[in-house]
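Me: Hi! I'd like to go through this model with you, one spot at a time. Here it is.

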Amino acid sequence: QNLYESLVETNDSIYCQRVKEMYTSEPLKTHLFSVNLQQTYLLLISDTTMLGRDNLMIHLQDIDNLSSLPDNYQFSTLWGAYVVFSTEHVEAQIRDYPWKLLQGDNLNVFGRLVFAEQEAEERECYSVPIHVGSPWRDCEII
């Protein structure tokens with residue numbers, strides 16, 4: 001039992017020592033996820049077929065025809081555009097993870113892009129009073 005406790009204690013101290021050395025010898029890493037793009041081209045095109053709720057609902061149903069939305073479905077955000085994206089090289093990686101999540105050359109993507117956010121229901125909305133003090137007046141965030 002004493003031998004096991006000694007090994008655990010030694011292991012803990014070695015780990016703590018390595019962490020201290022790592023953070024004193026290298027600057028702290030701030031990014032958790034990084035994407036590296038080289039020679040990138042992005043084009044967003046919006047025309048009248050991508051304007052208005054009715055037009056965007058047609059695009060949403062065309063893109064995802066398996067999901068059925070009721071007619072009275074409300075959005076707080078609804079935006080669409082045609083997109084053209086190309087890059088000669090792309091890499092995506094999580095900090096301190098040895099393998100890249102995504103790595104590729106000559107990536108080309110094109111199509112329709114629709115952003116939609118459902119409007120919050122009555123029970124999901126609440127207001128928070130903010131007391132700022134003089135010389136400003138108090139306000140309320142909904």
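Me: Let's start with P135: where does it lie?
Reply: P135 lies in the loop between strand 4 (128-130) and strand 5 (139-141). Helices (H or I, at least four residues) and strands (E, at least two) are DSSP runs, numbered from the N terminus. This is a predicted model, in which local features need pLDDT of at least 70 and side-chain atom pairs count only at pLDDT 80 or more, while totals for chains, interfaces and linings use all residues. Residues are numbered from 1 along each chain as its sequence is written, and side-chain values use heavy atoms, with hydrogens and water left out.

Me: Thanks. Which is the peptide bond from S134 to P135, cis or trans?
Reply: That bond is cis, with omega near 5 degrees. In general, most peptide bonds are trans, and most residues other than glycine have a negative phi.

Me: Speaking of phi, what is the value for Q39?
Reply: Phi of Q39 is near 50 degrees, which is positive in a residue other than glycine. N106 is not a glycine either, and has a positive phi of about 55 degrees.

Me: And where is Q39 found?
Reply: Q39 is part of strand 1 (residues 33-45), while N106 has its place in strand 3.

Me: Is Q39 buried or exposed?
Reply: Q39 counts as exposed, because its relative accessibility is 61%. The cut-offs are under 20% relative accessible area for buried, over 50% for exposed, and partly exposed in between (1.4 Å probe, protein chains only). N106 is exposed too, as its relative accessible area is 58%.

Me: What does S86 contact, leaving aside its neighbours within four places in sequence?
Reply: S86 is in contact with Q39, T40, Y41, L107 and N108, where contact means heavy atoms within 4.5 Å. The place of S86 is in strand 2.

Me: Buried or exposed, that S86?
Reply: Buried, because S86 has a relative accessible area of 18%.

Me: Let's zoom out. How many helices and strands are there in the protein chain?
Reply: The chain has two helices and five strands. Reading from the N terminus, the elements run α-β-α-β-β-β-β. The radius of gyration is 26 Å, well over the 14 Å that the globule rule gives for 142 residues, so the chain is more spread out than a compact globule. That radius is taken over C-alpha atoms, and the rule is 2.2 Å times the number of residues to the power 0.38.

Me: What box do the C-alpha atoms fill?
Reply: Roughly 70 × 55 × 40 Å, taken along the principal axes.

Me: How much of the chain counts as buried?
Reply: Of the 142 residues, 11% count as buried. The chain exposes about 12,200 Å², and carbon and sulfur atoms supply 55% of that; accessible areas come from the Shrake-Rupley method with a 1.4 Å probe, and for residues only the protein chains shown count as cover.

Me: Which residues make up the largest nonpolar core?
Reply: Six of them: M50, L56, M57, L60, F75 and V114. Such a core is a set of buried Ala, Val, Leu, Ile, Met, Phe, Trp, Tyr and Cys residues joined through side-chain atoms within 4.5 Å. Helix 2 (residues 53-63) gives the largest share of this core, three residues.

Me: What does L56 touch, not counting residues up to four places away in sequence?
Reply: L56 touches M50, L78, W79, G80 and V114.

Me: New topic: where is I94, and what does it touch beyond four places in sequence?
Reply: I94 is in strand 2, and touches L32, F33 and L101. At 34% relative accessibility, I94 is partly exposed.

Me: Last one: what about Y97 and F33, how far apart are they?
Reply: Y97 and F33 are 64 residues apart in sequence and 9.9 Å apart in space, C-alpha to C-alpha. Y97 is in the loop between strand 2 (75-94) and strand 3 (102-118), and is partly exposed, with a relative accessible area of 39%.
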